[in-house]
Amino acid sequence: MSKFKKSAKKKQAQVSTASLPDIVFMLLFFFMVVTVIRQKEALVDVKLPKASELTKLVDPRKTEHIYIGKPRRSEPNAAPAIQINDKFVKKDGVAPAISGSGLENETVALKVDKGVTMGIVTDVKTEIRKANRLKVQYMAYQDVVD
Amino acid sequence: MFKKKKQREEKEINAGSMADIAFLLLIFFLVTTTINAEKGIMVKLPPWDPNPPIPEEINKRNVLSVKINKLNQVLVEGEESNVGLLRETTKEFIMNPLKRKDAPSSPRSAIVSIQNDRATAYEVYLQAYNEIKAAYNELWEEKAQALYSHSYEDLPKDMKKKIQEEIPLVISEAEPAAH
């Protein structure tokens, strides 16, 4: 009997939480370093296609991004639209939009929805060529090699 | 008076809320993070010329013509094919191991031409492009193994250049057919 009483009297040892901030800070720094904050609000829905022969963008922050896809919150069969920075752009507005941004020699990343037809993509490509920006990357997800 | 002040200064700052603040920041970064790096197929576009030059006469045996029609069907050299076969077809065409008369005599003169329709799906077009690029990458890898017994990726720049001169990547994109 006395044995039980004794153990009940003993105060339970508490887990020290003193190192908790350190652990959390470590995680925090990890995520801070790997984060690329999305500055641009997407106005179009883009589901990238898959491909295997991919190259990493050299510097995502220094890249011009062009989005082509259906406008968000539109009818299911709406025509695809072009988004550059935070604005919708008409086909013939692509060249002016990408020539005055101070990123003249950088890559143009084309983020095109996989359901889009080549017509609009070709038009945008022609505009990019007119703006004399010849380095282009078709953005895609890495395909798992089978 | 002085004594009193000194005693007050020794009070410690309560660090108990540190964890809460760190957690808050952590959750913010967790939510905004996109870990998958941005990747894409690298393409070099030809410069824009308002008056398209008259296409010079190219020996037909040097050109592998790949066409994708509006129904996303793939035609290679006028024959029905599919995207899955494109890689092997391209490799065989460029290297021409059987010395056929309808394929280039040397990989240096090989050209792959892609033509699509305006109604072709982007996904199919990109797959085809990806397969042709993969064919070249595999050929370069084979060449690198044969010449230097190293992986192409690990070679220094001048050796890569040598291989690329041996098997130059020439993908020509014709203006799409209108429907």
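In the predicted model described here, Ser113(B) stands opposite Ser172(B), a residue of strand S6(B). Strand S5 (residues 111–116) of chain B pairs with S6(B) in the parallel sense, and three bridges connect the two strands. In general, the strands of a sheet pair through backbone hydrogen bonds, and the pairing may be either parallel or antiparallel. Both S5(B) and S6(B) belong to an open sheet of five strands in chain B, which has the order S4-S3-S2-S5-S6 and in which the pairing is mixed. The edges of this sheet are formed by strand S4 (79–81) and strand S6 (171–173) of chain B, and because each of them has a single partner strand, one side of each is left without a neighbour in the sheet. From one strand to the next, the twist averages 30°. Helix H4 (residues 122–148) of chain B packs on the sheet, where it touches strand S2 (63–68), S5 and S6 of chain B, and the direction of the helix makes about 175° with that of S5(B).

The contact between the two chains involves 49 residues of chain A and 42 residues of chain B. The size of an interface is often given as the accessible area lost when the parts come together. For chain A and chain B, the area buried between them is about 4,400 Å², of which 66% lies on carbon and sulfur atoms. Glu53(A), Arg129(A) and Tyr138(A) supply 17% of the area that chain A buries against chain B, which is more than any other three residues supply.

Polar and charged groups also meet across this interface, where 22 residue pairs are found in polar contact and three salt bridges are found. In a salt bridge between the chains, the side chain of Lys125(A) meets that of Glu173(B), with a distance of 2.9 Å from N to O. On the side of chain A that touches chain B, two or more residues each come from helix H2 (20–34), strand S3 (55–56), strand S7 (108–112), helix H4 (118–130), strand S8 (135–139) and strand S9 (141–142) of chain A. Among these elements, H4(A) gives the most, with 11 residues. By residue class, this side of chain A comprises 28 nonpolar, 10 polar and 11 charged residues.

Technical notes. Residues numbered from 1 in each chain as written. Chains lettered and ligands numbered in written order. Predicted model: local features only at pLDDT ≥ 70, side-chain atom pairs only at ≥ 80, totals over all residues. Heavy atoms only, no water. Contact = heavy atoms within 4.5 Å. Buried area = accessible area lost by both parts, 1.4 Å probe. Salt bridge = Lys/Arg side-chain N within 4 Å of Asp/Glu carboxyl O. Polar contact = N/O pair within 3.5 Å; in protein donor to acceptor, adjacent residues only side chain to side chain. Helix = DSSP H or I, 4+ residues; strand = E, 2+ residues; numbered from the N terminus. Nonpolar A, V, L, I, M, F, W, Y, C, P; charged D, E, K, R; others polar. Pairing = 2+ DSSP bridges. Axes fitted to C-alpha atoms, helices over the stretch in contact; angles between N-to-C directions.
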